[in-house]
Protein chains: 2
Amino acid sequence: MTDTQFSTADIIQMEQPFRANFITSLSGFKSICLVGTTDPKGRTNLGLYSQVFHVGANPPLIGILVRPDTVVRDTLNNIIKTGHFTLNHVRPEFYQAAHHASAHHTQSEFELCGFTPQFSDLHPAPYVQEASIKLGLKLVQRTYIKLNGTILVIGEIVEALVPEECLQEDGYVDLEKAQSMTVSGLDSYHVTHRLNRLPTPEADSSFIVSTESMLS
Amino acid sequence: MTDTQFSTADIIQMEQPFRANFITSLSGFKSICLVGTTDPKGRTNLGLYSQVFHVGANPPLIGILVRPDTVVRDTLNNIIKTGHFTLNHVRPEFYQAAHHASAHHTQSEFELCGFTPQFSDLHPAPYVQEASIKLGLKLVQRTYIKLNGTILVIGEIVEALVPEECLQEDGYVDLEKAQSMTVSGLDSYHVTHRLNRLPTPEADSSFIVSTESMLS
């Protein structure tokens, strides 16, 4: 393959939406989740987020990056006011409806996109019943990223709903069995195929192609 | 599917490595990159990271979360001291060798895992020649996350090397054509299959199943 080189100047000169398509692709495959919230009056809201990432296991923390000057304002306002939100993994069966939730809608995206709200005793934020993996989170930190005006929202998991048959003996959750998808760029939706689970490598050892596998 | 419910108390009571396997799975599919650095004496280093995410397109920013108390110390020290690092997407051809770079090694992981360093005129950090998509970044912000002692490192892209045939007309970079992989949990490696690229949804419109596609 022949590489094309892009410098900072090349990138800054790109027109929109070319630059957004280009740069959002470069960080690699992303998680894709519907974020469920309610406003203080109990009205439900859904937004679609791909900047969702693992922050830590103890305490169990997940971060999302939100951009306050775009359509995600409802979600951010609701998280700040109610202190809670849900993350719901997107499945092939409804990824087109989920994508539709990424535009700004005055009406609740649950109704507009055909999702069913599901509530928990442990927190006030609505789950998407149609999702397989569902997480309820409590806001624990909000950090303003001055560089570009985004906000890092960190939530602690207060409830995880995982299909029984997706949980493996060692704690790994089989995201393929749960039909969780991945996204690249702004709008490309993918399913996955597992090549392998690999055993923990040993320190200060040379790499030798291994036939050992943790597939179960 | 029957859901199993896990509360905060359930999660805190999990033993290790069960909890780490469980929680790292829940945030969904992740990007997987080899991070290339040099120390001030010019000695090369590689680390493997899955907490890599898009921060913004203008300026072009990518974030990685690093945990200073584990094997990633070399990478973090080098980034701080030299101000630069590279991100190199992992391909099926070498994902086992890349996984091996996640352990702590005294010797350079380039040699130990069989990778070829590739240098640029634009910055001092080494690329992995075997990777398809390669990014050179300049450290622009380092934020300590007090909640769990991790550090959010944000880099600005100063150079992007992208295989010519992977760049589409609208700026989207075809990560499947580039053979970029995705990871789930701590050790599960996946390739992807694109279902579709979807057009930007309209505000305040109802969702109608569309046959329109942006696949090219």
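Visitor: How many residues does the contact take from chain B and from chain A?

Guide: The contact takes 117 residues from chain B and 117 from chain A, where contact means heavy atoms within 4.5 Å. This is a predicted model, in which local features need pLDDT of at least 70, side-chain atom pairs count only at pLDDT 80 or more, and totals for chains, interfaces and linings use all residues. Residues are numbered from 1 along each chain as its sequence is written, chains are lettered from A and ligands numbered from 1 in the order in which they are written, and side-chain values use heavy atoms, with hydrogens and water left out.

Visitor: What confidence scores come with the model, and what is the mean pLDDT of chain A?

Guide: The model scores ipTM 0.95 and pTM 0.95. On pLDDT (the predictor's confidence in each residue, from 0 to 100), chain A has a mean of 93, with 94% of its residues at 70 or more.

Visitor: How do you know that the copies meet through the same surface?

Guide: Of the interface residues of chain B, 100% are also interface residues in chain A, so the copies meet through the same surface. The area buried between them (accessible area, 1.4 Å probe, lost on being put together and summed over both) is about 10000 Å², and carbon and sulfur atoms give 61% of that area.

Visitor: Why is the pairing of B:Asp3 with A:Lys134 called a salt bridge?

Guide: The closest N and O atoms of B:Asp3 and A:Lys134 are 3.7 Å apart. A salt bridge asks for a side-chain nitrogen of Lys or Arg within 4 Å of a carboxyl oxygen of Asp or Glu, so this pair qualifies. The rule finds four salt bridges across the interface.

Visitor: Why is A:Thr82 called partly exposed?

Guide: The relative accessible area of A:Thr82 is 22%. Buried means under 20%, exposed over 50% and partly exposed in between (1.4 Å probe, protein chains only), so A:Thr82 is partly exposed. A:Thr82 sits in helix α3 of chain A, and touches A:Thr38, A:Asp39 and A:Pro40, leaving aside residues up to four places away in sequence.

Visitor: How do you know that the buried residues of α3(A) line one face?

Guide: Helix α3 (residues 73–82) of chain A has A:Thr75, A:Leu76, A:Asn78 and A:Ile79 as its buried residues. Seen down the helix axis, they fall within an arc of 165°, so they line one face; the arc is that of the directions from the axis to the C-beta atoms. They pack against several strands of chain A, including β3 (33–38) and β4 (44–49).

Visitor: What makes helix α2 of chain A mostly covered?

Guide: Eight of the nine residues of α2(A) (18–26) are buried, among them A:Phe22 and A:Ile23. Just after α2(A), A:Gly28 takes a positive phi of about 100°.

Note on methods
Helices (H or I, at least four residues) and strands (E, at least two) are DSSP runs, numbered from the N terminus. Buried area is the accessible area (1.4 Å probe) that two parts lose on being put together, summed over both.
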